Amino acid sequence: MLANPHLPWTGSHRFYEVQLTIPGTMDVSGAGLYGTPLVEIGHTQGLAWTHTTAYDQHASLYQLKLVPGDPTAYTVDGKTEQMNRQTVPVTVLGADGKPSTITQTLYTSRYGPIISYGWTGTTAYAALDANADNLRSMNEWLAMDQSQNLDQLRAAQTTYQGMPWTHTIATETDGKTYFADSSVVPHLTDDQLKQCTMPSPHDLPTVLDGSTTACAWGSDPDSIEPGLYGPSHWPTLSRTDYVANSNNGPYLTNPAAPITGLPGVYNTDTQLAQRPQLGLTMIAQRIGGTDGLGAPGFTLPTLQAAMLGNRNYSAELGRTDVVAMCQAHPALTATDGTSVDVRAACETLAAWNARDDADSEGAPLWTAFYQDLARTAGRYESWATVPYDPAQPLTTPRGVNGSSASVQKALADAVESFTAKKLPLDTTVGAMQKWAGVPLPGCTNLEGCFDIVQADAGSGASGAVYPTSADDGADGSSFIAATELTPQGPRTRTLLTYGESVNQSSPHYSDQTALFSKKQWVTERFTEAEIKADPTLQTTTLRG
C-alpha cells in the first residue's frame, strides 16, 4: 500500500505522524491532520489504507425566487417561506489595535445558509452542504483505526457513512484490495440535474432551482443521513491484483474493471489527466517488470523506488517532439516579437532524463515551457500530435505538435524568461524550490508528475505555521507511507516531508525534508519489541 496525499505544508491541513495504542483495543500507526486525535491515513496489524480527494458534488447551490418587496422571503411550490435570521457578535481589531464588537446578521433557508454573493431584490442563493453537520467522520476513522481487515473497514464505513470528501484505497494481509468512494454525496438524480440546473449569471458552479421541492435532495433507504446516497450506490471495487487512484474519478480504478453507471453528482470523468495515467502506467510496468526496477511484482523496496522515481509523464510523452522542433528551428519568436536563440535550451532538454529529482538539470525549463503552453494554448488536445483515444486511456493524448505556433512561442517565452531572471537554462529543480533551505524534488500535477511538490526557493524559511508571505507556501507530497503487510506484521517506511515539528529551532523541523531530498526513508517501529529496541527511545508517563 502506498499513501501519498497532497496537501498544503502549512495551515490546518498539515499532518502529524503518530502511533496510537490502547492495549487490547487499538494499535494503529500513520498520520492525522492537525486538530484531529485520530490516524486518518495509516495501518493496523492487518489493514493498510489511504485516501485521495473525491471531486464529487458534496454540496449544492440553490437559487431562491424572492417575494417581491421582501428580500428575506422566498417561494417554494408557490408558497412563501421566511428566511431565518440570526445576529452574531464578532470581535474585531480596530485600526488602533484595540478590540471592538460588531454584529452581523446571518440568514438561512430550507436549503441552508444564504450567501451574500449574487443576492438581489429578486434572487438569492443558498448553500446546502452535505458536510455541514458531519461529525460522523471521527467515529468512522476511530472504527477504521481498530479494523484488521477489509470486512471490518467496510463495516466501519457503512455504519457511520461519514467520509467527508475522500476516496478510500485499502489492502489487507492476504493481498486483497478495495476502493470506495464513500464520501457524503447529495442524492440528486441525473433527471433532477437535467431538469433543475439553472443558468447562473454570477459564474457560480452548478445552481439548482430552489422554487420547487422536485429539485430537493432525495435519499436512499440505506443512508443513515437523509438526503445522501447510501452504500448501495457508492462506487466500489474489490480486486485481488490492485486498485489505484490519483485524485481522478472512480472510472479507471483498475482499467481491467472500469466503474461505470454513476450518477452525475459523482466524478464521472472517463479521460485521465497525465498524473493518473502515469500512476497506472507505473503499476503496469512494475507488474510486467519493464520499469528497470528488477523482477516483476511489487516489493517494499520497489514500491519506494517507484514512489520517488520522480517521473514526469508530460516529458515522457512529449519531450522528444519538442527537442526535434528546436533542433529544426534554432531561433523562435517569443510573444513580444523577439527572436530567441533556443539552441542551448534544446541541448539542455535533450540531455535531461525526464525526471524531477532535486538535482535534475533542465526540468525547471520544461516546467516553464509546459505551464506557459497550457496557460496560453489551452487543453492538451489542441496541441497534441495524437488525440485522445478511449481505447488508449493511459497513453493518449500524447506528443507535442512542434509545428504549432503556440508550442514554438511557449519555448521561446520560457527561454526569454530564464534569461531575464539570469537563471541558467540547466537550473536544477532543487535550486528553484526548497523547504527551510533543503532542495526539493517533484513538480506539479499539470506536468503529470507522480511526486507532486510545489514550492518556492524560500518556502519554510520563516518557520511559520501559516504562510507569512508568498514564499512561505508549499504543498504536495506530505505524509508518504509504503507499507507491506506480512504474516509477521507490517513493514512500513515513511516520510513526513516537512518534518514533525513546526518549531524552526527544533531538529525535527526539516530533518525529514533532508531525507526526502535524498530519497531516504524512515523505518517505522510498530511492534512493542521494535519500539523497545530503539536505542534513542524516550518514555514519558502521564498520570491523570
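Select Y62 and Y111: both are buried (under 20% relative accessible area with a 1.4 Å probe, protein chains only; exposed is over 50%, partly exposed in between). This is a predicted model, where local features need pLDDT of at least 70, side-chain atom pairs count only at pLDDT 80 or more, and totals for chains, interfaces and linings use all residues. Residues are numbered from 1 along each chain as its sequence is written, and side-chain values use heavy atoms, without hydrogens and water.

The structure holds eleven aromatic pairs. Rings of Phe, Tyr and Trp (its six-membered ring) pair if their centres lie within 6.5 Å; planes under 30 degrees apart are stacked, over 60 edge-to-face, the rest tilted. Y62 and Y111 form a stacked pair, 4.2 Å centre to centre, with 15° between the planes. Y62 lies in strand β7 (59-67) and Y111 in the loop between β11 and β12, so the pair ties together parts 49 residues apart in sequence. Helices (H or I, at least four residues) and strands (E, at least two) are DSSP runs, numbered from the N terminus.

Next, select W352 and W366. Their pair is tilted: 6.0 Å centre to centre, 40° between the planes. W352 sits in the loop between α7 and α8, W366 in helix α8. W352 is buried at 3% relative accessibility, and W366 is buried at 0%.

Last stop: charges over rings (NZ of Lys or CZ of Arg within 6 Å of the ring centre and within 35 degrees of the ring normal). Select R154: its charged end sits over the ring of Y178, 4.7 Å from the centre. Then select R275, which lies over the face of F450, 4.6 Å from the ring centre.
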